[in-house]
Amino acid sequence: MSDHQNNGDSRVETFDARSPSRRRFLKSMGASGLAAATAPAWAQIAQASQQQQNAPVEPQDDGAPAEGEQQIQLTVNGVEHTLNVKPNAVLLDVLRDRLMLTGTKKGCDQGQCGACTLLVNDTAINSCLSLAVSHDGDSVTTIEGLSNGDELHPVQAAFWEHDAYQCGYCTSGQIMSAVAILNDDNIGSDDASVREAMSGNICRCGAYKNILAAVQDARGKMEGAS
Amino acid sequence: MREFDYARADSPRQAVSTHGSNEQAAYLAGGTTLLDLVKIDIMRPEQVVDINRLDLNEIETLDDGRTRIGALVTNTALARHERIQSDYTVLSEALLSGATTQLRNKATTAGNVMQRVRCPYFRDGVSSCNKREPGSGCAAIEGHNRSVHAVLGTSEHCIATHPSDMCVAMAAIGATVTVEGPEGQREIDFLDFHLLPGDAPEREHNLKPGELITHVTLDAPLNNGRSGYLKLRDRASYQFALASSAVIVTLDGDTIVDARVALGGVGTKPWRAHEAEKALKGQQVSESSFQRAAEIAMQGATPYAHNAFKIPLGQQAIVRNLTTLTA
Amino acid sequence: MSDSIIGAGPKRIDGQRKVTGEAPYAADHHPDNMAYGYGVFSTIASGTITGLDLEAARQSPGVIDIFHHNHFPELHRTPSSMAQGNKVEETRLPFEDNRVHYEGQFVALVVADTFDNARAAARKVGVSYQRDDAIANLDQGVKAHGTKPGSGNHERGDAEGNFDGAAHSIDVTYTTPVETHNPMEMHASVASWEGDRLSIFESSQGVVQQRGALSKIFGIPPSHIRVESPFIGSGFGSKLWMWPHAVAASVAARETGRPVQLVVPRPQMFTTTGHRPETRQRMRLATDDNGRLVSLRHESINTTSFTDQYVETCGSVTQSLYSCPNLTVSHETTRVNRGTPTSMRAPGAAPGLFALESAIDEMALAAGVDPLEFRLNNYADRDESQDLDFSSNHIREATEKAAEKFGWHDRNPEVGSMRDGHEIVGYGMAACNWEAIKRECEARVSLRADGTAYVTCATQDIGTGTYTIIAQTVSDITGLGLEKITVRLGDTSYPNGPISGGSWTTATTLPAVAAATREAIKELKGYATSEKGDFADVDNDSDSLVFENGQLTHDGQGVNYVDVLKGQKLASADGHAHTQGADDRYSYRSFGAHFVEVRWDPGISNLRVSRVVSAIDVGRVINSLTARNQVEGAIVMGLGMAHFEATDYDARNGRPVNNNYAEYVVPVHADQPPEVDVILLDYPDLEFNEFGARGIGEIGITGMAAAVANAVYHATGKRIRDLPIFKEKLMENIPAVQSA
């Protein structure tokens with residue numbers, strides 16, 4: 001088992017959804033310990049999404065793979081990673097547990113819910129049914145790779161605007177599916193076609209009405225922008 | 001998942017030679033069946049041969065009018081291919097009715113052919129299951145057998161349905177499976193590919209150890225044929241068929257010239273209903289002729305405690321599909 | 001602005017974190033040196049573990065330790081008291097002994113360095129059992145050992161004596177299957193110890209109760225335990241009370257000396273984290289010649305586990321929704337070899353109103369009265385079970401408004417009479433009802449010198465929008481914009497807050513937050529009127545000293561509160577409040593009605609819900625965006641309950657056979673009815689609390705299954721009394737099965 005090379009990062013974040021500038025301030029200070037005494041421990045969650053923007057190539061497994069491991073190249077949200085992985089390592093787990101990209105969720109681990117949906121080479125797939133080693137050389141986009149800094153992708157903005165979630169757990173998968181669908185000319189733009197195409201993303205909270213509204217609203221904005 | 005060795009193949013020959021006759025080896029394509037079953041410990045390959053980089057992604061029209069599909073063509077790509085949509089509508093519709101957008105993006109043509117059953121007693125790892133543990137019995141026959149259990153082609157050893165929609169369309173169209181194996185290449189008629197459970201449900205198909213599907217070649221489409229797939233289930237999407245029908249018909253006015261009928265969700269293999277087709281040929285388009293054919297298709301069906309409704313439901317899948325296509 | 005923020009529909013303050021994937025859920029936490037647990041679960045429903053073969057698993061890569069009943073520290077049970085704050089539903093501890101009470105019970109826990117290694121090793125653990133005959137379902141339980149009396153019973157008048165001679169009567173029995181919550185996020189714990197202090201990230205609807213339970217189980221003070229659940233992938237009741245995995249993870253972390261993450265795999269989300277139990281409900285109703293109810297009996301039996309008693313109070317609504325002088329409600333349980341049941345969205349009321357509101361439909365038809373008219377004739381105007389007035393009840397208006405919008409009056413009452421192409425259209429309706437509950441609660445609010453406010457409360461936002469409505473509350477009182485208000489929840493280091501369940505979070509937390517805000521303002525006024533203050537000559541209790549829009553004003557002179565604090569070099573003005581639960585002056589309940597259009601295509605045996613109009617009376621709506629979402633989501637879950645949802649068990653051995661997300665069918669996008677119209681009446685219930693809000697999470701699912709079933713009857717003439725309404729229950733010509 002190779003080291004989690006980005007665990008050494010001690011940057012912390014306070015929970016303040018409405019104040020991204022404050023977050024940046026804390027991070028840019030490299031505020032080791034600054035907020036640790038007062039922030040809840042969960043706030044120390046890895047800064048994966050920011051990391052990939054700040055640090056272009058990490059983590060890296062430079063050494064030769066250990067016995068039973070294979071070395072792969074994975075480009076995630078535009079950042080190239082060299083990783084030594086065991087053949088039975090699942091793409092979803094590698095993203096979450098190695099690269100600390102925890103935005104992609106595990107809802108069933110059996111391809112039955114869609115929470116783990118992400119894009120591989122711009123195609124939406126279930127990452128829970130994918131071996132990491134099979135994706136050597138592939139380009140992966142996760143929810144963390146959608147926004148441009150603090151500027152949300154139109155689909156993210158529309159989900160926020162339309163309250164297209166409740167608990168938020170299926171949301172990453174819903175958004176990744178929606179992005180893929182909106183970029184796919186083969187999928188009809190009518191409500192029924194969107195509902196069918198999105199049916200691989202279960203929302204147990206039942207926010208389907210708002211999700212559809214968000215997807216259709218984002219469609220208009222993305223078309224307007226292009 | 002338990003540990004396994006992993007090798008990526010660069011050519012079908014290399015894949016076959018890596019796999020060899022090792023019964024503990026498995027080919028990995030889209031992975032939507034294999035990895036699911038490895039995760040729940042039902043399949044325990046010691047060697048996984050990844051065939052995803054093989055050059056088997058083409059859909060070609062052959063000179064004789066047939067269509068050759070590479071093993072790795074995804075369900076999405078196949079469903080959207082122009083010629084499939086126009087000349088094999090039933091196949092496109094069947095594919096799009098199956099699974100989900102994401103799963104279809106991964107699942108391949110060959111992998112879909114190789115889908116395993118959804119029977120909970122197969123998947124739980126402990127119940128009696130002749131497929132998983134030959135000779136142990138079939139827990140489903142006297143157990144809970146509503147949604148993924150068959151009424152056609154069952155035996156006292158296994159009653160699980162074949163879960164594929166794609167294969168039902170292929171059974172109606174007619175196709176040939178090309179395989180590459182340790183002893184070279186050969187072709188298998190699609191209708192002979194999947195095996196009835198009989199007294200050896202652990203044998204699901206006609207592949208010999210180590211053989212790799214490289215292509216599925218569809219028969220030439222029927223001239224002026226109309227075709228469609230109708231899938232009936234509980235929820236409106238993302239569920240295996242309770243009953244489905246793949247139908248192809250050609251008409252001369254109101255007379256049925258030719259017909260192909262295959263059924264899903266009700267059979268232990270993709271179920272071609274030859275007798276129903278015979279009953280349709282030469283008949284006038286009418287509800288009564290459709291109903292008679294549907295009854296013939298389901299003749300000999302064996303209902304179990306929770307799935308007897310599949311007999312009338314299978315008939316309905318045929319009648320409505322024919323009605324829509326001939327309207 | 002302070003007049004409009006309550007009741008407005010601002011988007012969620014935590015929304016950005018949800019749409020960017022930044023919101024941290026339990027299993028997203030990766031403390032340094034974390035190890036991973038994976039369970040081994042029983043494959044029999046009843047019996048004894050006779051042997052464990054751990055050799056292969058021990059030699060599996062990365063394995064650190066394997067826990068089981070012979071290798072697990074001695075712990076204590078929690079008394080499981082909600083009042084004491086230590087309730088759990090399943091009191092038996094994991095690995096307590098070698099007994100197996102249900103399939104899918106923890107029998108071992110493998111801890112390894114990676115998730116893959118833990119899972120791979122868990123597959124290699126061999127377990128041998130002595131298998132006992134399992135009690136697989138309600139019928140078998142009643143046959144084997146009868147029933148045990150439950151709680152929540154009620155009796156008034158003489159229901160039996162007024163039944164036989166009545167003008168019209170029905171005697172019918174309804175059943176509902178086991179339903180499983182299936183929140184998208186699997187239960188998860190990440191536990192770590194520092195000395196004798198335990199810190200645990202949990203997907204929890206009740207961090208305070210979990211802390212209390214862990215305190216009792218480990219015998220350490222609550223102050224040594226921190227439970228955090230800032231975001232949860234919903235729970236629907238399954239995460240109200242701690243389940244065995246959290247204890248297992250905590251032990252594993254303590255014994256291995258490493259943080260341990262343990263996620264309950266999806267199949268075991270059906271076995272070891274609760275479910276809505278199976279019910280059988282006998283309904284006997286009678287009316288006089290005028291269609292007025294004269295006798296009503298609702299007798300319910302539900303399954304419970306062999307380890308604990310859980311009562312599904314199906315008759316809880318029956319005792320007060322309709323006016324009837326002679327009424328009996330009774331609950332009994334029977335034990336089966338399943339895990340312990342628990343509350344699932346609208347516990348009691350969801351299955352109970354399926355029975356009651358179906359029976360009302362049947363009763364109306366038997367009495368020859370339109371179901372809408374029957375309800376309007378029989379709705380109670382006061383709570384006859386408690387002999388109390390309702391604090392606020394607008395069910396008649398809700399029913400009539402929804403009926404009007406739906407077009408109920410265009411309905412042709414004849415069964416099967418409304419056709420559209422291949423489809424037969426059916427209209428059905430049902431009332432919905434849920435109790436309004438308010439508990440005691442604490443909260444802390446700081447008005448900070450940087451111009452922001454900071455709120456803490458150890459309740460949770462389970463997806464309902466609690467973060468946002470708390471910010472709205474502070475904004476309403478202080479005039480600060482939402483962007484200036486930070487809300488932190490889901491952490492036992494904050495002041496005690498309620499579990500997020502029963503639709504009581506809103507009514508419970510907002511008064512506490514409001515009171516804490518006022519306390520903070522009071523403290524601020526104290527600073528301002530102190531010797532060094534801007535209003536040194538003003539009495540700090542003076543009514544003329546007013547705080548609004550971030551300013552303290554007196555006699556037309558205003559000072560920004562930031563300047564008050566900065567002037568005295570103070571960080572903040574703080575308020576802490578402890579508010580009490582509801583009084584018993586009134587019966588506090590929420591009301592509503594669903595109207596449903598179904599379409600049955602008999603040619604392909606396809607049933608779908610095409611239209612829903614619901615009018616809901618939940619007092620004041622605090623956030624129209626999130627409130628509407630709650631009802632719309634509950635309608636979807638109600639459709640699932642009506643149509644698809646049932647956890648199936650093999651009758652021979654109690655084995656769950658569809659314990660996964662593919663075969664336990666819940667609604668997907670494509671099942672969403674094209675038209676769902678939710679009307680929120682928005683009458684503030686100021687007897688209940690100062691905001692007039694009663695809570696909105698549960699009510700939308702109540703009555704939904706009955707409304708669908710009643711519409712199905714109208715379309716097909718088939719009265720489905722056993723959920724779910726699978727197509728075969730509506731089909732003709734199904735051949736008989738010869739039993740082997």
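# Domains and interfaces in chains A, B and C

Reader: How far apart do the C-alpha centres of domain 1 and domain 2 of chain B lie?

Author: The C-alpha centres of domain 1 of chain B and domain 2 of chain B lie 36 Å apart. The model is a predicted one.

Reader: Which residues does the assignment give to each domain of chain B?

Author: Domain 1 of chain B is residues 5–52, and domain 2 of chain B is residues 226–326. The bounds come from an automatic or database domain assignment.

Reader: What does UniProt place at residues 1–223 of chain B?

Author: An unreviewed UniProt entry places the feature "domain: FAD-binding PCMH-type" there. Such annotations may be inferred rather than shown by experiment. In the model, the end C-alpha atoms of residues 1–223 of chain B lie 49 Å apart, and the span is 28% helix and 17% strand.

Reader: Which annotation covers residues 20–133 of chain C?

Author: According to the unreviewed UniProt entry, that is "domain: Aldehyde oxidase/xanthine dehydrogenase a/b hammerhead". For residues 20–133 of chain C, the distance between the end C-alpha atoms is 50 Å, with 11% of the span in helix and 31% in strand.

Reader: Now the interface of chain C and chain B. How many residues are in contact, and what area do the two chains bury?

Author: The size of an interface is often given as the accessible area lost when the parts come together. Here chain C and chain B bury about 3300 Å² between them, with 56% of it on carbon and sulfur atoms. On the chain C side 41 residues are in contact, and on the chain B side 40.

Reader: How many salt bridges and polar contacts are there between chain C and chain B?

Author: The rule asks for a side-chain nitrogen of Lys or Arg within 4 Å of a carboxyl oxygen of Asp or Glu. It finds 5 salt bridges across the interface of chain C and chain B. One of them joins the side chains of C:Asp601 and B:Arg320, at 2.7 Å from N to O.

Reader: Which element of chain C gives the most to the side that touches chain B?

Author: That is helix α3 of chain C, residues 115–122, with 3 residues. Sorted by class, the side of chain C that touches chain B has 19 nonpolar, 8 polar and 14 charged residues.

Reader: The next case is inside one chain. What are the domains of chain A, and how far apart are their centres?

Author: Domain 1 of chain A is residues 70–145 and domain 2 of chain A is residues 154–225. Their C-alpha centres lie 21 Å apart. In contact are 15 residues of domain 1 of chain A and 12 residues of domain 2 of chain A.

Reader: Which residues of domain 1 of chain A lose the most area to domain 2 of chain A?

Author: The area buried between the two domains of chain A is about 1000 Å², and carbon and sulfur atoms give 63% of it. In domain 1 of chain A, the residues that lose the most are A:Lys105, A:Thr117 and A:Ile143, which together make up 43% of what that side buries.

Reader: How many salt bridges and polar contacts are found between these two domains of chain A?

Author: The rule finds 0 salt bridges between domain 1 of chain A and domain 2 of chain A. The count of residue pairs in polar contact, both at pLDDT 80 or more, is 5. Strand β3 of chain A, residues 117–120, gives the most to the side of domain 1 that touches domain 2, with 3 residues. By class, that side of domain 1 of chain A has 6 nonpolar, 7 polar and 2 charged residues.

Reader: What area do domain 2 and domain 3 of chain C bury between them?

Author: They bury about 1200 Å², 58% of it on carbon and sulfur atoms. In domain 2 of chain C, C:Ile622, C:Glu690 and C:Phe691 lose the most area to domain 3 of chain C, together 41% of what that side buries. C:Glu690 also meets C:Arg518 in a salt bridge between their side chains, at 2.5 Å from N to O. The salt bridge count between domain 2 of chain C and domain 3 of chain C is 1.

Methods. Residues are numbered from 1 along each chain as its sequence is written. Chains are lettered from A and ligands numbered from 1 in the order in which they are written. This is a predicted model: local features need pLDDT of at least 70, side-chain atom pairs count only at pLDDT 80 or more; totals for chains, interfaces and linings use all residues. Side-chain values use heavy atoms; hydrogens and water are left out. Helices (H or I, at least four residues) and strands (E, at least two) are DSSP runs, numbered from the N terminus. Contact means heavy atoms within 4.5 Å. Buried area is the accessible area (1.4 Å probe) that two parts lose on being put together, summed over both. Ala, Val, Leu, Ile, Met, Phe, Trp, Tyr, Cys and Pro count as nonpolar, Asp, Glu, Lys and Arg as charged, and the others, Gly among them, as polar. A polar contact is a pair of N or O atoms within 3.5 Å; within protein, one must be able to donate a hydrogen and the other to accept it, and residues adjacent in sequence count only if both atoms are side-chain atoms.
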